[in-house]
Amino acid sequence: ADKGDVVVLAVPFSAAMEVLAELRPVLQGRGKILLDITNAEYSQELEGMSGAELNRAVLGDESTKWVAAYKSVFAYKLRFGSENAQVIDVCGDPEARAVVCDMVRSHGWKSRVRGDLGEAAKIEPGRRVAELRQMYGSS
């Protein structure tokens, strides 16, 4: 994390706060891009924000350029460059989105920009499940 321009947060959501506390000295004031691929568990109450937004608030560093992507990657589409290429939704800081979109294309996949980090809840699979359960009830 200290040497790279892009730091990937790829831990269980329940561990993200602890990891961010460890990364804070490395990230604070450095203007790095943080790619958040964590997924909040649908049972967790996030008070109207995405898991990525909560993680950003926990870090508390305005210089870090936050981006959420790679939230739902399906194993059968992991063959890079396949004709059934994965579409990766990306949202967050514009500069960070551009870097991550380039990363996605380097895999032979397609990126789809979804807006700023406020849109991250729409691409977090656990949140979508929770919203559907609220709408239709659980069975």
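Helices (H or I, at least four residues) and strands (E, at least two) are taken here as DSSP runs, numbered from the N terminus. The structure described is a predicted model, in which local features need pLDDT of at least 70 and side-chain atom pairs count only at pLDDT 80 or more, while totals for chains, interfaces and linings use all residues. Residues are numbered from 1 along each chain as its sequence is written, and side-chain values use heavy atoms, with hydrogens and water left out.

## Overall layout

The protein has four helices and five strands, and along the sequence these follow the pattern β-α-β-α-β-β-α-β-α. Of its 139 residues, 40% count as buried, where buried means under 20% relative accessible area, exposed means over 50%, and partly exposed lies in between (1.4 Å probe, protein chains only). Among contacts (heavy atoms within 4.5 Å) between residues at least 6 apart in sequence, 70% join residues at least 24 apart.

## The sheet

The five strands form an open sheet in the order β1-β2-β3-β4-β5, with mixed pairing; two strands pair if DSSP finds at least two bridges between them. The edge strands are β1 and β5 (110–115), each of which pairs on one side only. Neighbouring strands of this sheet are turned against each other by 25 degrees on average, direction ignored. Axes are lines fitted to C-alpha atoms, for helices over the stretch in contact, and angles run from 0 to 180 degrees between N-to-C directions.

| Strand pair | Sense | Bridges | A bridge or facing pair |
|---|---|---|---|
| β1 and β2 | parallel | four | V8 with L35 in β2 |

Helix α1 spans residues 13–27 and bends by about 35 degrees at A21, with a proline, P25, following within four residues. The bend at a residue is the angle between axes fitted to the seven residues ending there and the seven starting there. The buried residues of α1 are F13, A16, L20, L23 and L27, and these pack against β1 (6–9), β2 (33–36), α2 (51–59) and β3 (65–68). The helix lies across β1, β2 and β3, running at about 165 degrees to β1. E18, which is also found in α1, is exposed, with a relative accessible area of 56%. The C-alpha atoms of E18 and V58 are separated by 9.6 Å, although these residues are 40 residues apart along the chain. After α1 comes G29, whose phi is positive, near 75 degrees.

## How α1 meets α2

Two packed helices are described by the angle between their axes and the distance between the axes. For α1 and α2 the angle is about 40 degrees, and the axes are 9 Å apart. That angle makes α1 oblique to α2, since angles under 35 degrees count as roughly parallel, over 145 as roughly antiparallel, 65 to 115 as roughly perpendicular and the rest as oblique. The crossing of the two helices is right-handed, a term used if the near helix is turned clockwise from the far one by less than a right angle, with anticlockwise giving left-handed. On the α1 side, F13, A16, M17, L20, R24 and L27 take part, and they meet G51, L54, N55, V58 and L59 in α2.

The buried residues of α2 are G51, A52, E53, L54, N55 and L59, and they pack against β1, α1, β2 and β3. This helix is followed by G60, whose phi is positive, near 65 degrees.

## Two loop residues

T38 is found in the loop between β2 and α2, and at 1% relative accessibility T38 counts as buried. Leaving aside neighbours within four places in sequence, T38 is in contact with L9, V11, F13, A16, N55, K71 and E124. T38 and E124 are 86 residues apart in sequence and 8.4 Å apart in space, C-alpha to C-alpha.

Y70 lies in the loop between β3 and β4 and is buried, with a relative accessible area of 15%. The phi of Y70 is near 55 degrees, a positive value in a residue other than glycine.
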